[in-house]
Amino acid sequence: MHDDLRARVAADFPRIRAELEGLVRIPSVSAAGFDAGEVRRSALATADLMRDAGLGDVRLLEVEGAHPAVLGERRAGADRPTVLL
């Protein structure tokens, strides 16, 4: 079982790293004086990654005067915990 996990992580690592490198290249600084459009672009890219990972009902949560947050759901069953990162 551990060998299967190691093999899966090794196989997925280059893709995951490339995805994260793409995200950190977006200059999405959430402070006054920085381009809010870049924060939105980062949120949209995050939403795309969540959809690609199989999460359902992925959407931006919007509140006037604030940057968007990204929400996605994966319903695994009542007996399984939910984790948000």
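Tutor: S28 lies in the loop between α1 and α2. Keep in mind that this is a predicted model.

Student: Is S28 buried or exposed, or in between?

Tutor: Read the relative accessible area against the cut-offs. Buried means under 20%, exposed over 50%, and partly exposed falls in between. S28 has 28%, so it is partly exposed.

Student: Which residues does S28 touch, beyond its neighbours within four places in sequence?

Tutor: S28 is in contact with E38, V39 and S42, once those neighbours are left aside.

Student: Where is P27?

Tutor: P27 sits in the loop between α1 (2–24) and α2 (36–52). Its relative accessibility is 46%, so P27 counts as partly exposed. Setting aside residues up to four places away in sequence, P27 touches E38 and R41. P27 and R41 are 14 residues apart along the chain, with 9.3 Å between their C-alpha atoms.

Student: Which other residues of α2 are buried?

Tutor: The buried residues of α2 are E38, V39, S42, A43, A47 and M50. E38 is also on the contact lists of both P27 and S28.

Student: What do the buried residues of α2 pack against?

Tutor: They pack against α1, β1 (56–61) and β2 (69–73).

Student: What span should α2 have, and what are its end C-alpha atoms apart?

Tutor: Compare the expected span with the end-to-end distance. The expected span is 1.5 Å times one less than the number of residues. α2 has 17 residues, so it should span 24 Å. The end C-alpha atoms of α2 are 25 Å apart, which agrees.

Student: Which residue caps the N-terminal end of α2?

Tutor: Look for a side-chain oxygen by a backbone nitrogen. D35 is the cap: one of its side-chain oxygens lies 2.8 Å from the backbone nitrogen of G37.

Student: What follows α2?

Tutor: Check the phi angle there. G54 follows α2, and its phi is positive, near 100°.

Terms used: Residues are numbered from 1 along each chain as its sequence is written. This is a predicted model: local features need pLDDT of at least 70, side-chain atom pairs count only at pLDDT 80 or more; totals for chains, interfaces and linings use all residues. Side-chain values use heavy atoms; hydrogens and water are left out. Helices (H or I, at least four residues) and strands (E, at least two) are DSSP runs, numbered from the N terminus. Buried means under 20% relative accessible area, exposed over 50%, partly exposed in between (1.4 Å probe, protein chains only). Contact means heavy atoms within 4.5 Å. A polar contact is a pair of N or O atoms within 3.5 Å; within protein, one must be able to donate a hydrogen and the other to accept it, and residues adjacent in sequence count only if both atoms are side-chain atoms.
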